[in-house]
Amino acid sequence: MSDLVSRHVGPIVLDGGIGGGAMESQIRFTGTAVPLRIEIDFPHRMNESVVQDIDTAIDSTDYTDRLARQTIAAGVHRTGTCAAKPYASWTAARGERPADPTEFAGALTLRRMIIFPDGGRNNPERVAMIYSLPDTSDEHPIEVRFLQPSGPELCPVNVRPRV
Amino acid sequence: MSDYDDLGGLVARMKKAAIDCYMAEDGFNPHWNDNQKYAKWGWAYHHYARPDANGEGGGSPLTATTTLEAQGSVAPRFDEIRSTIDTILTGWDTLPSGALCRAPQSSANAATALLGGAASVATVNDSDEIVRATETAMASLNDLAGSFVGPVYDKYCAQLLTVTQNLGTVYTILEAQYAAQQAMWPAAREDVVAICTSAAAAWEGRAAEIAAGARQDSFTVVAAVAGAVATVATAGVGTAATVGAVGAFASTTVSTLSSLDASGGHVSGDTYAEILASLVGALGALNETIAAQELELNRWLDETLNAMSTQLADYNLDAFTLADFSAGDGSSSINRTDTDMITTAMGRVEGALSEALRAAGAPPVSNPTPRPHAIGVGLAGTHLAASGVYDYANQCLQSTAAEYTRGRGLFDAAVADYFNTDAESQLKVTTLLSQEALIAEMGGRG
């Protein structure tokens, strides 16, 4: 049993993976259980402050989700983003109905959340939010990465999907 | 407006940078979309108000989450950081400019120019008036014979040249001291600006590196600060070199000043607190450099005063005692042409001494480099030592001028009496000698 306990996910127990450690859990979001992964780059420096950062990230999932959807809506027309192809499919499926990026972003389902609370020189990423359209496979996940300190960034299409 | 005149603006930048750094170490960066506030990681929903452009305010929580409620405001911590910086910089924001040293430096230079004795100093345009007139008198004295010739030659020619040239050197030392002070403080001001700029840049750079995700690793940004703060050493040696250039004759002092170790400004560390400690260390090193130079100047001035008081006759003609001179066989050989030349030449010397006394003026009434007591060797700096030498040199010059005037009068009287009886002349010489034995006014210093 870890001495470090998150308000949201309970005791922090890392799997001791190579180069760090990770923990799989889940959160409740809009009434649904969403998989949550916590990746720690420096397990030996893990402390209360890092756990507090994890809880802060989970506390503000609504806010992060809102920012992520705004970022997706703003990027659907940019060729090469991971949102471009799903948006094109979604638009085609609508037939005569007008396509609206905000509506598209709102229609997405949060599939997974990943938190990287302690980062490192090569990892400024702190949170990843991964979406897909409802009733579709995870073939074309849409991922928004939140970097320190530059904020949200819509991933390019060639990034290896994390779902 | 110089950079130092805008130190307040730089201090404001330091405060904001220090707080940015402090917050970055806790994972808070300026919000990616609103730089008026900090956000966890630059974007998460955990915000605090950021200080304004002047580094003031900030610290209040702007979001309400369970975590935030537990943590509360960080404004008190921001106040503490600002107060710490203010305390560290106390006194460094009110350094003297050195400009008040310009007048005494100029006066000392003018006195030296008239007295001579420091021809090797580039800043002095020696008039040679006293030397040339005295040499004229000496040449004419050689043509005379009489009991008073020897004493007049010895005291009012040979010793006079020793005294005036020594006094000229003393005024040159004073000129160098005021020149050093005049050069040192603008350099110190520049160093303060450089140190503060480096500290601000270190905090800014540190915050930026942390923001770039380098939180867990070591940093090199502070090494750059060490390079910038090394200007302390540069300025220290530079200031010493200024002293050296002006007072090139004081080779020991110059050597001592030039070898001052002003490398205490070395900076190391990679956290907000360590950069703060480095700032304290750099200012401490600067202070040590200033103090060391002032101590050296004070030592130099003290030695000068000591030399004057222990060898007073070489600095004050009135303190010179004539050796025993034989009255000879009582015969005299004097012609009017020679005595006229001598008295005219002595008149020129008399005028030059009087002019030198006027040119020397007086030392500054108050310290021309006022500073907080914690900076340099103390509140007085070199003011007391310099004023002591200055006053004493003026007294010596005044007594010398008065004594010379008296000597010239005696010479004239002796010459006038020659044409009546040589016994009268001998009487005058006897009078002169007996007066010399008294060494009246300047028996000791002070």
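Analyst: Happy to! The term stands for a side-chain nitrogen of Lys or Arg within 4 Å of a carboxyl oxygen of Asp or Glu. Asp55(A) sits in helix 1 (residues 48-59) of chain A, and Arg7(A) in the loop between strand 1 (5-6) and strand 2 (10-11), so the pair ties together parts that are 48 residues apart in sequence. Helices (H or I, at least four residues) and strands (E, at least two) are DSSP runs, numbered from the N terminus.

A word on the source: this is a predicted model, in which local features need pLDDT of at least 70 and side-chain atom pairs count only at pLDDT 80 or more, while totals for chains, interfaces and linings use all residues. Residues are numbered from 1 along each chain as its sequence is written, chains are lettered from A and ligands numbered from 1 in the order in which they are written, and side-chain values use heavy atoms, with hydrogens and water left out.

Back to the pair: Asp55(A) is buried at 4% relative accessibility, whereas Arg7(A) is partly exposed at 45%. Here buried means under 20% relative accessible area, exposed over 50%, and partly exposed in between (1.4 Å probe, protein chains only). Arg7(A) also meets the side chain of Asp59(A) in a salt bridge, at 2.7 Å from N to O. Asp59(A) belongs to helix 1 of chain A and Arg7(A) to the loop between strand 1 and strand 2, so this pair ties together parts 52 residues apart in sequence. Asp59(A) counts as partly exposed, with 25% relative accessibility.

Now to chain B, where Glu56(B) forms a salt bridge with Arg82(B), the closest N and O atoms being 3.9 Å apart. Glu56(B) lies in the loop between strand 3 (47-49) and helix 2 (66-71) of chain B, and Arg82(B) in helix 3 (residues 75-88), so the two tie together parts that are 26 residues apart in sequence. Glu56(B) is partly exposed at 38%, while Arg82(B) is buried at 6%. Both belong to one network, in which salt bridges that share partners join Lys15(B), Glu56(B), Asp79(B), Arg82(B) and Asp86(B).

Chain B itself has 13 helices and three strands, and 52% of its 446 residues count as buried.
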